[in-house]
Amino acid sequence: MFRVKGVSWWPEELPSEEEYEEAVRNLEKVNWKVDCILTHCAPTSIQQKLDRNYTSDRLTDFLQMVKRRCQFDYWFLGHYHRNCVVDDRFIIQWEQMVELQWE
């Protein structure tokens with residue numbers, strides 16, 4: 001929204017077509033079931049809950065598809081510069097670090 005191409009963001013920050021395809025292949029290998037997901041941005045629907053002024057893009061829409069198809073316990077992200085929990089499973093961490101422990 002406020003970033004300028006080539007000044008404060010670069011196209012290489014976004015996944016390539018090959019990286020989107022690799023993500024889908026890896027999720028298919030585990031039948032779309034994982035313990036947790038770690039991303040920088042949120043799926044479109046979660047982003048909209050945080051602030052209706054956010055607009056969707058290819059990445060957030062891709063993550064929305066993952067949210068819809070994937071079975072997961074928690075989704076960790078940090079882009080939004082706050083610490084909060086959204087919908088019990090989406091954990092936004094900005095100024096804190098935690099160790100993930102699985103049994």
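**Ground rules.** I take helices (H or I, at least four residues) and strands (E, at least two) as DSSP runs, numbered from the N terminus. The model is predicted, so I note that local features need pLDDT of at least 70, side-chain atom pairs count only at pLDDT 80 or more, and totals for chains, interfaces and linings use all residues. Residues are numbered from 1 along each chain as its sequence is written, and side-chain values use heavy atoms, with hydrogens and water left out.

**Entry 1: the loop between S3 and S4.** I started with Asp88, which lies in the loop between S3 and S4. Its phi is near 65°, a positive value in a residue other than glycine. I also checked accessibility, where buried means under 20% relative accessible area, exposed over 50%, and partly exposed in between (1.4 Å probe, protein chains only). Asp88 comes out at 67%, so it counts as exposed.

**Entry 2: salt bridges.** How many salt bridges does a search of the whole structure find? I got 2, taking a salt bridge as a side-chain nitrogen of Lys or Arg within 4 Å of a carboxyl oxygen of Asp or Glu.

One of them joins Asp87 and Lys49, at 2.8 Å from N to O. This pair links distant parts of the chain: Asp87 sits in the loop between strand S3 (84-86) and strand S4 (90-92), Lys49 in helix H2 (residues 44-50), and they are 38 residues apart. Asp87 is partly exposed at 39% relative accessibility, whereas Lys49 is exposed at 53%.

I then turned to Glu17 and Arg58, whose closest N and O atoms are 2.4 Å apart in a salt bridge. Glu17 lies in helix H1 (residues 17-29) and Arg58 in helix H3 (residues 58-69), so this pair ties together parts 41 residues apart in sequence. Glu17 is partly exposed at 37% relative accessibility, and Arg58 is partly exposed too, at 48%.

After H1 I came to Asn31, whose phi is positive, near 55°. Asn31 is found in the loop between H1 and strand S1 (36-38), and it is a residue other than glycine. With 59% relative accessibility, Asn31 counts as exposed.
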